[in-house]
Every structure is written in structure tokens, then in C-alpha cells.
Amino acid sequence: MSNNFLQNKFGIVIGGSGLVGGAIVHFFEKNWGCSILAPNSKKLSIRDANDIQAYFHHYRPDFIINTAIAAIDSDPKLSFDINYLGNINLAKVASALKIPYIFFSSAAVLPPGNQLTEETILPLSAGLSNYAKSKVMSELTLEHLRKTEGLDYTVIRLAIVYGKHDHKIQGFHRLLFSVADQSMPMLFTEKNVCHSYSNSKKIPYFLRHILEFRDEFSGQTYNFVDQESVALSQLILTIRAFLELKSPKEFYIPYPLARFGAGILRKIIKIFIKLGIEARMPPELMFLENFYQTQTLSSSKLQRSSFADPAPDETVFSQLPDIIEYYLTRWQQLNLISAYDEEFFDPQKIAEDFLNCPETLLEEIHQQKRQPFNDFQVEQNSARNIDVASLPY
Ligand SMILES: NC(=O)c1ccc[n+]([C@@H]2O[C@H](COP(=O)([O-])OP(=O)(O)OC[C@H]3O[C@@H](n4cnc5c(N)ncnc54)[C@H](OP(=O)(O)O)[C@@H]3O)[C@@H](O)[C@H]2O)c1
């Protein structure tokens, strides 16, 4: 692969503030020198076709990557507008500009099962969740646009994504949060239930590769998952061990009991809402059934492709220490969880001094006894001047 393939390219990433989009923007811009625009949903809401029209009136990218998604428990209107309509409108732009369009789909389009391939897809039906329905419809329409308009697209199906910067605390990171917060007393799964995992850090490498080699990847769907699947119970117990906690206990709550508990919670929340108290079901409870069903995605097609995994030994287990340190520090600083180990979170004890003796802290900073900030080197004449007036937003 040529290392400078992206250097003179200009791409637009939708959903760049999210877990997946954030990793893409970071790698493409900072590591590979690609020009990227990643408008947030206030600058460009893909719900609004006029917004899309106006935005692409000003910009002519070399590719579009769409990672935007409505909240997982959104109502049918929002799910349809953002996940399906917005997605297809972006694809139509890509088709008109004759540029590649990359769309992120999900294991939600698949049934339970082992080693599910890219050919598998749930039949479209009213019974699917809004999220799954919008993803199934999206995949089918993208293929339709390939046949009817020659759209150059690739669908990347992700399983459970792990990585840093999930500021909404969803999916895997919600699970980590529940263990860290000790709000999971026992195991809501069965012993050998397994799932596939996707590493957010590896996604940009795959994208760079598929953008360079369109002949191979155009019109294709890929499961982008780690080769080995993971038993949910083993993962939870490993997190527990890292955090040196006693809970959750290694007791497996049977599915009917878990479902009964979720039903009670739903009723309690309805009462709260009637009383005017703001409350909502944890969105992850939508997936309760999935905690009890194995669903693993085959990575054979990915391995047979010309893409070489940049870190084949990296798995959710090998990344756990790093991920745990990142999220625990963040959640503690946001007061979402109570302290685990002060040394771990604030080795220089600056926050402690900020709290208890700010006068001494300030004095020491001014006397340069402590240097908590950086000295930035700014090269004169190196900054690019931006003509603000020419920017449409
Ligand atoms: N995370 C997972 O475990 C997982 C698993 C399987 C598949 N996926 C797929 O991977 C993709 C990325 O997921 P993620 O976890 O990174 O999502 P995320 O963290 O929830 O981020 C969602 C992004 O969508 C943007 N967005 C929402 N509404 C928008 C609108 N109307 N117009 C433009 N942008 C809008 C948000 O931007 P603002 O913040 O500006 O609103 C945000 O940047 C999605 O397609 C998802 O289905 C994720």
C-alpha cells in the first residue's frame, strides 16, 4: 500500500464526533495527512435533504464516509430519517459526484448464529427494531443504487465496538461502566454465549485500504470483526478481575428471570414518568435477548481480502487495561463513578491541591516549581490563514 495515498485527498466524514467517526478523523487527519471535514449534526443534519444539498454545493470531496446514527432507541421517524433517508441521500450525492461511499452497518442486520457471513441478512419485516430495520433497508438500497446508478459503495458491518472516546457510554462501554459502577450484581448471560467484537482503532486502516483499492472492494460488504469471538461471561469476569471487585457474582441469571426484571423496571419507569419524574429505560435493555444468544460474525472474507490486519494480536482482552484506565479516569473526573485509586487517576495530586490549597498550587506554578501546562512552540509564518468569509458555515 502506498503510504501517501491519502495525502492529497479530501474526504467528508459524517458522524465524526462519535466513537467510530472520531477514530477515523483522528487517523486520517493526524496520522495520514488527509484533509477531512467532519461537520457535526448542527452544521449538517443528514435528516434534512436541503442541508445535504447546501453542504455539497460548496464541497467536492474525493470520498464520503457515513458513520452517523440516531440514538439506538430512537422512534421510527428519527431512525428512518437519519439512519435510512439521510444515508441514502448521502449515497445519492456520492453517486452524482462519482466518488466512493462508505457506509457502516451493524450485526443488528443478522440473526443469532455462529460464523455468519456477509451473504446473511435478516428478512425485512415490521418486527425488526427501528435500528435493525433501518440498517437492513440501507444495505438493500445501496445495492439497488449500485445496480441502477453505478454507485461505488462499500458496507462495513461492525459487531460490538471497543475503543476510546465513546463519550455517550454505549454498547461495550456501557457494560464496562455497569461493572465499574457495581450496578451489575450477577451475570445477565449464559455461560457459553459468544459475540464478535470490532476494534475502533483498526477501522481507519481498513478504510484507507478500501479507498485505495476500489476495484476489489466496490459493491462489497465486509464483516469487520476480530478473528476470535468472545464469551460475554469471560469478558465481564476479566473486567471484574482487573478492577479487583467482588461483583458481579459468578451466578447466571436465567433469561426468563432477566426479562421479568426488565418488565418490572419498565412499569416502575412508567409510574415515574406519570409522576413527572424524568426516567428512561437503559437503551441497552433493548438488547437483553442478545446477551443470551450467541452471534458471531465470520471474518473469512476479510482475511481472504488484500487487507492486512495492522495488529493481528490485538483483541478486546489485550486492550482492556488501556481502555479501563482511559474510561475510569474519565468517569471519575465526570463524577459518574466514585474513586478507585487516587494514585491511578491523579498521580501528580494536582486535583487534590486544586481542591484543598489552590493558593499554594498557584504560587508553585508561578514559581515554576510545578509545570502542569505545556510550552507551545509556534513557528512564525507557518500558520495558514483561513478566509473565514469564504466558509459557508
Ligand atoms: N458502537 C458500536 O458498538 C457499533 C456497533 C455496530 C455498528 N455500529 C455502527 O457504527 C456507526 C458509528 O457508530 P458510533 O458508535 O460511532 O455512533 P455514535 O458514537 O453514537 O455517534 C453517532 C454520530 O452520529 C452523528 N449524528 C447523529 N444524528 C445526526 C444527524 N442528524 N446528522 C448528522 N450526524 C448525526 C452524531 O453527531 P452529533 O454528535 O454532532 O449529533 C455522532 O457523531 C453507526 O453506523 C453504527 O450503527 C456501531
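Some ground rules. Residues are numbered from 1 along each chain as its sequence is written, and side-chain values use heavy atoms, with hydrogens and water left out. Because the model is predicted, local features need pLDDT of at least 70 and side-chain atom pairs count only at pLDDT 80 or more, while totals for chains, interfaces and linings use all residues.

Let's start with charge. Side chains of opposite charge can pair when their charged atoms come close. A salt bridge here is a side-chain nitrogen of Lys or Arg within 4 Å of a carboxyl oxygen of Asp or Glu. How many salt bridges does a search of the whole structure find? Twelve. I'll take three of them.

First up, K77 and D81. Their closest N and O atoms are 3.0 Å apart. Both residues sit in helix 3, residues 76-97. They are four residues apart, about one turn of the helix. Helices are DSSP runs of H or I with at least four residues, strands are runs of E with at least two, and both are numbered from the N terminus. Is D81 buried or exposed? Buried, at 7% relative accessibility. The cut-offs: buried is under 20% relative accessible area, exposed is over 50%, and partly exposed is in between, with a 1.4 Å probe and protein chains only.

Next, K164 and D322. This salt bridge spans 3.3 Å, N to O. K164 is in the loop between strand 7 (160-162) and helix 5 (171-180), and D322 is in helix 12 (residues 316-333), so the pair ties together parts 158 residues apart in sequence. Both ends are partly exposed: K164 at 31%, D322 at 35%.

Now K202 and D309. Here the N to O distance is 3.1 Å. K202 lies in the loop between strand 9 (197-199) and helix 6 (203-212), D309 in the loop between helix 11 (300-304) and helix 12, so this pair links parts 107 residues apart in sequence. K202 is buried at 5%. D309 is partly exposed at 34%.

One more point on charge.

Last, the nonpolar patch. Its members are L257, F260, I264, I268, I271, F272, I273, L275 and I277. Together they have about 880 Å² of accessible area on the surface. Areas come from the Shrake-Rupley method with a 1.4 Å probe, and for residues only the protein chains shown count as cover. Patch residues have over 30% relative accessible area and no salt bridge; nonpolar side chains (Val, Leu, Ile, Met, Phe, Trp, Tyr) are joined within 5 Å, like charges within 9 Å. Take I277. It sits in the loop between helix 9 (255-274) and helix 10 (288-291). I277 is partly exposed, at 42%.
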